[in-house]
Amino acid sequence: MPDPKSQLYRDLAVQLGALLEGESDPVANAANMAALVWRGLPHLNWAGFYFRQGAELVLGPFQGKPACVRIPLGQGVCGAAAAQGRSVVVPDVHDFPGHIACDPNSRSELVVPLVEDGAVLAVLDLDSPVLARFDEADRDGCEQLAALFVAHHRRSARADARDTDPESGCRLPLPRREDLDAEGRRAYDRLAAPNGGTLRGLHGPGGIQLHSPELSRRSRPVNQYLRYEAGLGGRVRELAILATAREHDAQFEWAAHEPAALAEGISPEIIDTIRCGGDIARLSEADAIVIALAREIFAARRVSPQTYAGALDQFGPRQLVDLVALMGNYASTAALLTAFAMRLDEGQPPPLPRLFFPGR
Ligand code: SME
């Protein structure tokens, strides 16, 4: 006879599969999963999610009493599970150094990370008023539920990518040179040339724009001016482009520019801070202001007086206008890449982890 606990988790897995079916919104799905677990497992006083945002966990959908909102990675049971990328079973929370007591009634806890390609996206946290409520069967069962959730979202992302042209890697095929008018052929040849001024040539935004040769012709000098002639410098340029790509979840744009950022001497640590939406307080003011500006323009959609004043001090009016226009230029590229579903190169893992709430 099957052990009743593993049977319970098998039933929950079937129900979770049915709840997720056909829905790709991670917040809605996490909310239903929290409710399912809350109703399905006995002796809980809290069940829910914390989503990873950079170096913190931020409260997500849950059932139970109001809880603490932000937990730094490495702190508490949730932060430990997220930092280590593995489940943590705590039989007695009083014995866990650094346990964060959101509800004094909690006596035991189980935290299971949701991991995709080695990156922790979120944790599922279960609290119980009963000592030693969770055992290995609970850990295994919850890990299976978490894996189902991650696999579902990965499949949704793959399904989104399926409607692309295998040769161009996006929804539009690459135009054939002989089908283009004279202007289009000039644009085609410029893009195909090894030093054509774009990082990816015909593959990527260049190839998409070729469908509108006039757009390709007119936008190129603006892009070249903003990148190379506005006097912003390579470091500021690549910081601005990466921060813009991050805010738009523009995987392809990021992948093209990360090597350029490294070549400009931007450290891997700074690149990771931008990649994960991390804290910029420790960066130099000169770097931080560029990243803050992009985050505020695209995520907060309001630039604070402090950020504006800092940016104006650093760049002066003309360069600041050019810097913001450069970000806008790459936001426009990100829009093309998103609308035409540009895929990463075969075998390239997505460089940008999903930030559930990129707004900070
Ligand atoms: N106890 C958790 C904090 C979250 S609440 O339990 C909802 C911890 O130590 O990380």
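1. Basis. Residues are numbered from 1 along each chain as its sequence is written. In this predicted model, local features need pLDDT of at least 70 and side-chain atom pairs count only at pLDDT 80 or more, while totals for chains, interfaces and linings use all residues.

2. Domains. The domain assignment, automatic or from a database, gives domain 1 (4-161) and domain 2 (177-339). Their C-alpha centres are 37 Å apart.

3. Helix pair geometry. Helices α11 (residues 285-300) and α12 (residues 305-339) have axes that come within 10 Å and cross at roughly 55°. Helices are DSSP runs (H or I, at least four residues; strands are E, at least two), numbered from the N terminus. Axes are lines fitted to C-alpha atoms, for helices over the stretch in contact, with angles from 0 to 180 degrees between N-to-C directions.

4. Helix pair contacts. Residues in contact have C-beta atoms, placed from the backbone, within 7 Å. The α11 side includes Ile 289, Leu 293 and Phe 298, and the α12 side includes Gln 314 and Met 327. The contact divides into 10 nonpolar, three polar and two charged residues (Ala, Val, Leu, Ile, Met, Phe, Trp, Tyr, Cys and Pro are nonpolar; Asp, Glu, Lys and Arg charged; the others, Gly among them, polar).

5. Ligand shell. Of the 15 residues around the ligand, Ala 67, Gly 76, Cys 78, Ile 100 and Cys 102 come nearest (C-beta atom, placed from the backbone, within 6 Å). Helix α3 gives the largest share, four residues. By class, the shell has eight nonpolar, four polar and three charged residues.

Key. Contact = placed C-beta atoms within 7 Å.
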